[in-house]
Amino acid sequence: MNQRIMEYAEQARLHATSVHPDNHDIKLWAKVYHEKFAELIIRECMRVVEDYYMDPCSYADEAIKEHFGVEE
């Protein structure tokens, strides 16, 4: 598996644990984990688009952000 994806999984785990440290509701913990994990991957997609398509008329990164509802 891509090392960066593994790093995002760990970041999402740490985030979910900080939000729900007692882990009593595993479904709620998993929801927070999956949302954070997806957000990190989406932000990576935005960075890739931004890095590779420097054309000032290209707004693909904004389209991805808006589509997935990622806020800065």
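**A tour of the core and its rings**

Start by selecting Tyr8, Ala12, Ala16, Trp29, Val32, Tyr33, Phe37 and Leu40: these 8 residues make up the largest nonpolar core. A nonpolar core is a set of buried Ala, Val, Leu, Ile, Met, Phe, Trp, Tyr and Cys residues joined through side-chain atoms within 4.5 Å. Buried means under 20% relative accessible area, exposed over 50%, partly exposed in between (1.4 Å probe, protein chains only). Colour α1 (3-19) and α2 (26-52), the elements that give two or more residues to this core. α2 supplies the largest share, 5 residues.

The model is predicted: local features need pLDDT of at least 70, side-chain atom pairs count only at pLDDT 80 or more, and totals for chains, interfaces and linings use all residues. Residues are numbered from 1 along each chain as its sequence is written, and side-chain values use heavy atoms, leaving out hydrogens and water.

Zoom out to the chain. It has 3 helices and 0 strands. Helices (H or I, at least four residues) and strands (E, at least two) are DSSP runs, numbered from the N terminus.

Next, pick Ala16. Beyond its neighbours within four places in sequence, Ala16 is in contact (heavy atoms within 4.5 Å) with Trp29, Val32 and Tyr33.

Now look for rings. The structure holds 2 aromatic pairs. The ring centres of Trp29 and Tyr33 are 5.5 Å apart and the planes lie at 10°, so this pair is stacked. Tyr33 and Phe37 are also stacked, at 5.9 Å centre to centre and 10° between the planes. Rings of Phe, Tyr and Trp (its six-membered ring) pair if their centres lie within 6.5 Å; planes under 30 degrees apart count as stacked, over 60 as edge-to-face and the rest as tilted.

Finish by selecting Trp29, Tyr33 and Phe37 together: they form one aromatic cluster.
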